[in-house]
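Biologist: I would like to go through the labels attached to this model. Please set each value against its cut-off.

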Amino acid sequence: MRMGLPMKKQLIVLGLGVLAVFIALQAYHFNVQQEMKKEIGRGYLVNMVNVSNTFKNLDYDILEKMEADNSEYGSLNNLYSMLMYLDVQSFKGQPEIRSLLQDINKLLSEYKINGELTNKQQAAFDSNVRKVRFIVMELEDMLGSEIDWYYAFVEPTEAIQKRVQERLLMNF
């Protein structure tokens, strides 16, 4: 049984229509994914810049002043809360940054409990704070768009990881 020419044309037109709808849906899906990545990247950028700004000029001596005079340096509790609620688990592509922030938060917790840190803890606190600041400054220089920030924290390139590793090796 042979199909007539009009039937073949109808099938071809129908096939092309389905293909066009499929391509349109794929394009829409891609655009939605890109927008989602931009939003997530924007979140990483904002969080890291906020952390860096909060850590600006922060060292152990400042903790004592923050506790004594909340109005001048901001609240120690606010700093602790910011780090506590920062979703560092989402930094899966940057385990080093996640580890630094968790260590800083542990030392802040230790400070809140005991009212002081040992000399070794003070040195670790100051070093970790400076490392985070330098890493964020490096990322700001290297990353242009929100999509770049997304990939830096989800699937970082070798160049980004190399730069992070270099900053981790710096002695402060």
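Biologist: Why does Glu35 count as partly exposed?

Modeller: Glu35 has 45% relative accessibility. Buried means under 20% relative accessible area, exposed means over 50%, and partly exposed lies in between (1.4 Å probe, protein chains only). Therefore Glu35 counts as partly exposed. This is a predicted model: local features need pLDDT of at least 70 and side-chain atom pairs pLDDT 80 or more, while totals for chains, interfaces and linings use all residues. Residues are numbered from 1 along each chain as its sequence is written, and side-chain values use heavy atoms, without hydrogens and water.

Biologist: What makes Lys38 and Glu35 a salt bridge?

Modeller: Their side chains meet at 3.5 Å, N to O. A salt bridge needs a side-chain nitrogen of Lys or Arg within 4 Å of a carboxyl oxygen of Asp or Glu, so the pair of Lys38 and Glu35 qualifies. Lys38 is itself partly exposed, at 30% relative accessibility.

Biologist: Why are Lys38 and Glu35 separated by about one helical turn?

Modeller: Because they are three residues apart in helix α1. Helices are DSSP runs (H or I, at least four residues), numbered from the N terminus.

Biologist: How do you know that Glu146 forms a salt bridge with Arg42?

Modeller: The closest N and O atoms are 2.9 Å apart. This pair links distant parts of the chain, with Glu146 in helix α7 and Arg42 in helix α1, 104 residues apart. Glu146, at 24% relative accessibility, counts as partly exposed, and so does Arg42, at 31%.

Biologist: What makes Glu138 buried?

Modeller: Its relative accessible area is 11%. That value falls in the buried class, so Glu138 is called buried. The side chain of Glu138 meets that of Arg163 in a salt bridge (2.3 Å, N to O). Arg163 lies in helix α8 and Glu138 in helix α6, so the pair ties together parts that are 25 residues apart in sequence. Arg163 is partly exposed, with a relative accessible area of 29%.

Biologist: Why does Leu16 count as exposed?

Modeller: Leu16 has 53% relative accessibility, so the exposed label applies. Its place is in helix α1, residues 5-55.

Biologist: Which residues touch the most other members of the largest nonpolar core?

Modeller: Met48, Phe55, Leu101, Phe125 and Phe153, out of 34 residues. Such a core is a set of buried Ala, Val, Leu, Ile, Met, Phe, Trp, Tyr and Cys residues joined through side-chain atoms within 4.5 Å. Helix α5 gives the most to this core, with seven residues.

Technical notes:
Helices (H or I, at least four residues) and strands (E, at least two) are DSSP runs, numbered from the N terminus.
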